[in-house]
Amino acid sequence: MTTTFLEAEWRKLIMANYAVDPQRLAAYLPYKTELDYWNDTCYVSLVGFMFMNTRVRGLRIPFHINFEEINLRFYVRQKEQGVWKRGVVFVKEIVSRPALSLVANTLYREKYVTMPVSHLWQFTENHWDIKYEWGRGLAHLLQVTAQKKPEAIADGSEAAFITDHYWGYTRLSASRTGVYEVEHPRWEVYPVTTYNINVDFGQLYGPDFAFLEDTRPLSVFLAEGSAIKVKKNITL
């Protein structure tokens, strides 16, 4: 897969990471993949971030250059010629522009939906305040306060596991999987000092994920992000 479909920057990624019973994910697992674990723990992550300077096949599309995305994802791996490829599966991706949902769902068979989304970035001398809100009345909230200075992600760490998945897998049917590659360098993270999560997981993601409303995340990161490239989709 050498053809680049999309180029952009992913910036200020809030990543709230929860332990999940693997059996809850069985129905969402794409063909030829298996769940990926860190320290014997299966994770699902709620992620909010900004797409910036977005170009589709080299073109900037008016009103679709800078926008927010909220997604719920889990982690898988797939063996190809004896080498494990580590990736993510999206339960749902939320954006505010209908055209984005149409393109992603049509070309990549992803699970985008359209609803109001907003963000607020505030910077002081010592910290970042980053907030994402979405849904009717902006009723859902993902917010952190973090230290201003970023830190490198250590090899083998939980943060490395969460951020170092470079493939996207989409369940197309019981015997077909869509695959695409996402290129980016390893990110840095800002140490989070406080967070606030107010999300109706059952309403947004269905009964399989309603338990997250009463679950404390194992960790919450704020990653700076980077420029990224999304490669052309293929099918397994």
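The following questions and answers concern a predicted model.

User: Is Ile 228 buried or exposed in this predicted model?
Analyst: Ile 228 lies in strand E16, which covers residues 219-231. Its relative accessible area is 2%. Buried means under 20%, so Ile 228 is buried.

User: Which residues does Ile 228 touch, not counting residues up to four places away in sequence?
Analyst: Ile 228 is a residue of strand E16. Residues up to four places away in sequence are not counted here. The residues touched by Ile 228 are Leu 6, Glu 7, Ala 8, Trp 10, Val 182, Glu 183 and His 184.

User: How many Å apart in space are Ile 228 and Phe 51, C-alpha to C-alpha?
Analyst: In sequence, Ile 228 and Phe 51 are 177 residues apart. In space, the C-alpha to C-alpha distance between them is 9.8 Å.

User: Which residues touch the most other members of the largest nonpolar core?
Analyst: The largest nonpolar core holds 38 residues. Apart from it lies another core of 29 residues, including Val 47, Phe 67, Ala 160 and Val 230. In the largest core, the residues that touch the most other members are Leu 46, Leu 72, Trp 134 and Tyr 205.

User: With which residues is Trp 134 in contact, leaving aside its neighbours within four places in sequence?
Analyst: Trp 134 belongs to the largest nonpolar core. Leaving aside neighbours within four places in sequence, Trp 134 is in contact with Leu 46, Ile 70, Ile 94, Met 115, Pro 116, Val 117, Ala 139, His 140, Leu 141, Leu 142, Val 199 and Leu 204.

User: With which side chain does the side chain of Asn 17 make a polar contact?
Analyst: Asn 17 lies in strand E1, residues 4-19. At 0% relative accessibility, Asn 17 counts as buried. Its contacts beyond four places in sequence include Tyr 43, Val 44, Ser 45 and Phe 221. The polar contact, at 2.6 Å, is with the side chain of Ser 45.

User: Which residue takes a positive phi in the hairpin of E3 and E4?
Analyst: Strand E3 (residues 37-38) and E4 run antiparallel and are joined by 2 bridges. Trp 38 has Thr 41 as its bridge partner in E4. The hairpin has 2 residues between the strands, and the residue with a positive phi near 50° is Asn 39.

User: What is the bridge partner of Val 44 in E5?
Analyst: E4 also pairs with strand E5, residues 67-80. This pairing is antiparallel and extends over 8 bridges. In E5, the bridge partner of Val 44 is Phe 74.

User: Why does the ring pair of Tyr 43 and Phe 161 count as tilted?
Analyst: The count of aromatic pairs comes to 13. In the pair of Tyr 43 and Phe 161, the ring centres are 5.7 Å apart. Planes under 30 degrees apart count as stacked and those over 60 as edge-to-face. The planes of this pair stand at 45°, so the pair is tilted.

User: Which helix holds Phe 161, the residue paired with Tyr 43?
Analyst: Tyr 43 is buried, with a relative accessible area of 3%, and Phe 161 is buried with a relative accessible area of 3%. The pair links distant parts of the chain, 118 residues apart. Tyr 43 is in strand E4, whereas Phe 161 is in helix H2.

User: Over the ring of which residue does the charged end of Lys 85 sit?
Analyst: The charged end of Arg 77 sits over the ring of Trp 84, 3.8 Å from its centre. The charged end of Lys 85 likewise sits 3.8 Å from a ring centre, and that ring belongs to Trp 167.

User: How many of the 8 residues of strand E13 are buried?
Analyst: Strand E13 covers residues 176-183. A hairpin joins E12 to E13 through 2 residues, and these strands pair in the antiparallel sense over 6 bridges. E13 is also joined to E16 by 2 bridges. E13 is largely enclosed by the rest of the structure, because the number of its 8 residues that are buried is 6.

Technical notes
Residues numbered from 1 in each chain as written. Predicted model: local features only at pLDDT ≥ 70, side-chain atom pairs only at ≥ 80, totals over all residues. Heavy atoms only, no water. Helix = DSSP H or I, 4+ residues; strand = E, 2+ residues; numbered from the N terminus. Buried < 20%, exposed > 50% of the residue type's maximum accessible area, 1.4 Å probe, protein only. Contact = heavy atoms within 4.5 Å. Core = buried A, V, L, I, M, F, W, Y, C linked by side-chain atoms within 4.5 Å. Polar contact = N/O pair within 3.5 Å; in protein donor to acceptor, adjacent residues only side chain to side chain. Pairing = 2+ DSSP bridges. Phe/Tyr/Trp six-rings, centres within 6.5 Å; stacked < 30°, edge-to-face > 60°. Lys NZ or Arg CZ within 6 Å of the ring centre and 35° of its normal.
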